[in-house]
Each structure stands twice: as C-alpha cells, then as structure tokens.
Amino acid sequence: SDTESWEALSLDAEYWKLLLKQLEDCLILQTLLHSKVSKKTIRVSSLQSEPLGRLSVKKLLEGGKGGIADTVAKWVFKQGFNPLVLNLAQHRNNTDNTEESEEMHANIFLEELEVDEELETILELLQLAYQQFPCSLEVDVLHAHCCWEYVVQWNKDPEADVSSDEMQAPVLDTEDAWMSVEGPVSIVELALEQKRIHYPLVEHQFVLCTVLYAIMRFSLKSVKPLSLFDSKGKNAFFKDLTSIQLLPSGDMDPNVLSIRQQFLLKVVSAAVQMLCSQKAKETSEEELFPFEKARNWPTLAVDLAQYLQISEDVVKMHYVCELYSYGMDHLGEEAFLQVSDKEVLASQLLILAGQRLAFALLQIQTKEGMELFARLPPTLCTWLKAMDPQELQNVQVPIATTAKLVNRVIEHLPENHGQYSLALNLIEAVEAISS
C-alpha cells in the first residue's frame, strides 16, 4: 500500500515537472512573439498576415511537430526580419565558438543590419528560445517554415523574389517534453514524404528555358531550339522531374556541338550589339534590361557552355573580339584577362588591328596615308591589302587606341610565333601614323 502511494506520488511529481517545463517553454515563446522592433526596420508588409493569438500548452500540443516552428515563422514574417538575424542568434548558441570567432561572425552579420537596442533584445530572446527548443527551432526546420510562410503570403500578394538551392534532407526530431504532441502533420514531414527531384533533369530543363529566353530576348529568328539537343536530350524534356530520364552523356555529335557553338556566339554578339547601342543612345542599363539587373548575358553564355559541352574559352574569346570590333577597347581589355589561351586570342586580335589599319590607310586614301603605305615593308603591305575592314562593326577608332591593342598583342605572342614579326611591323606602322 505504501509502495503504491509512493509510486503514485512519484508519477504526480514527474507529471508536474513536465507541466512546469512546458509552461516555462510556453512563456518564453509567448514573450518572444509579443516582442517587436521599430517600424523602420520592418521590410515586409504584414497587413495581409493574420494576428498572432495567445499561446497555451494545449495549443502547442495540438499543433503537431511543426506547430512551434510554424508559430515562430509567422512572427518572423510579421517582423520582416533579414534571415541573418535568425542565423546570428543561432550562432551565439554555439558553445564551441571562441571569443574571436564570435566577434568575427557578429561583425559579418551586423555589417548588413542596423542593430539597435530593440533588435539586440530580440536576438537574446531568440537565443533563449533556441535553447529551450533545440529540435523544434533547429535552424533548417525554422528556415523551412519561414520559407513556407513567405510562399503563403506571396500567394496572396505576388510581389516577392523567390530563390532556392539544393540541400540535404533534415532530420526531424522533437524535444523530450513535447513528445506527446498530436494534430496535423508538419510541413517538414510532408516535404520529407515527397519524391526527390532528379536534379540533372532540372538542369536539363533550365538549359532549354535559358536558350528559349535568349532567343526571345535577342530575336534570334534563325535558331531552332531543339536542334541544340540530340535525341536523348529531346526525349528527356517535359517529363516528371522526379523521374530518372536517359540524359546525354559522353561524346556528343559534332554537328550538334557546332550548332551549339554557333548559338552561343550569336548570343554574345547580340548582347554586345545591344550594349553598344545602349552606349550610343545613352540609355541606362535599367531601361535596356528592365527585368535583368543582375543578368550578364556574355557570362551567362559562358555558364551555358559548360552544360552544352562547348569550350568556355571559345565563348570568352568571341566576347573580347566583339568588344574590340565595336571599338569598346576599355571593356575588351577587362574581358581579355578572363581568357585562358591568350596566345590564340592575341592572334585573333592581330587580324582585327590589321583591319583597323587597312581602313585608315587604304579606305580613306589620303595623300599622307598612301605615302606611308608605300614605305611599309612589302610583307605588311600584302597582308594589309588582304584585310577586310567591313568585318569591323566600328572603324572610327583612334590610332592611339589601336596602338595600345597592338602592344597588348605583342605581349602575348611568343617570339617564335609565325605572326610575331608581322606584329612588330604593325606597331611601327601604327606609331608612324600616330606621329
């Protein structure tokens, strides 16, 4: 009898300890959700979000495994926090951090945030909440719920930028004090039940979308999008992204590779042409590419080259040559540095410099120009006569600018190169015209 009463008393004590722990957790969470920062730091309109109700142990137990994270996510949305706030509070809880590491991370995070006393208080409350709910508010779980909350709100008012990245599947766990939760399945549980996306198939679709967008953006009417893919590639389009499709691998048909390379070079040429027309009309970049502030088409073409099995250097070289062809030498000099095989590029630019000089000496046909042409070495004269200045997009380039181009060419041609002596004669001719 005494033993039974002691066991009952012990069970009651454990129950009360559990209840007190739950009440303590609930109080900390309620305090966090009632805190707010000044309106100047709120970046997201929260007019369409529902008001946060009062919490109770019963509500939390009925909220499912994702109930706690979901509640905090709604509060995060209402505050319009930068994700760095959540990360910083989580980082402070890491006991392995040294003071130096702590200070370094704090500086990195806080450089982008206007931290005042109100925000510092919230950081402390977040830190405390993370300590009380190490599983329910695990950083990936909380971010997942925050993302979902933003998607829900964006669906009501579709004006936000949404980006995604691949990540490892999170491990879903619950604190010991909240193991008895019941209610709806959490979004993390639902997500983990979904079939995994076949990422290479997503990349394959992305390439097609980018190709179509480039064709539309630059009105490349002669391009047939599906001609850039072999039979395997064509068959893999528009399939369920969770399915495993037979994708192109290994050696590609040389004809397809040729079509791909021509397409990428067309995109680069069209982008440079648009850039130069923008400069001529003094149009701002925002007016020219209203929805593409961060989009750099030549760089995108280089990225596409990786997927399409085309040499990135070929695309980069074409970009440099196009810039010089339009007389955008200052941009060409910057892009020149990104090319790996500078010897081949220098050889290509030598032709371009020759076309410029041929126009200056032969097309204009001034008396001084003809006299200078007659004094040039016979080999150089023959070479210049073979040049076609009409291939240049802009022939009105100062001779001094062309002289800099020829000097750049000589820097990257070895002395045993077949065109080295030609380049030396060319620089002498350019200097003679300049003087």
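Let us start on the outside of helix α7, where the face turned away from the buried side carries the exposed residues C147 and N155. Exposed means over 50% relative accessible area, and buried means under 20% (1.4 Å probe, protein chains only). Helices here are DSSP runs of H or I with at least four residues, numbered from the N terminus. This is a predicted model, in which local features need pLDDT of at least 70 and side-chain atom pairs count only at pLDDT 80 or more, while totals for chains, interfaces and linings use all residues. Residues are numbered from 1 along each chain as its sequence is written, and side-chain values use heavy atoms, leaving out hydrogens and water.

Now turn to the other residues of α7. V141, L142, H145, C146, E149 and Q153 are buried there.

Next comes A89, which sits in helix α4 (residues 83-92). A89 counts as buried because its relative accessibility is 0%. Beyond its neighbours within four places in sequence, A89 is in contact (heavy atoms within 4.5 Å) with L123, L126, Q127 and Y130. A89 and L126 lie 37 residues apart in sequence, yet their C-alpha atoms are 6.1 Å apart in space.

Our last stop is H204, in helix α9 (residues 199-218). H204 is buried too, because its relative accessibility is 9%.

Methods:
Helices (H or I, at least four residues) and strands (E, at least two) are DSSP runs, numbered from the N terminus.
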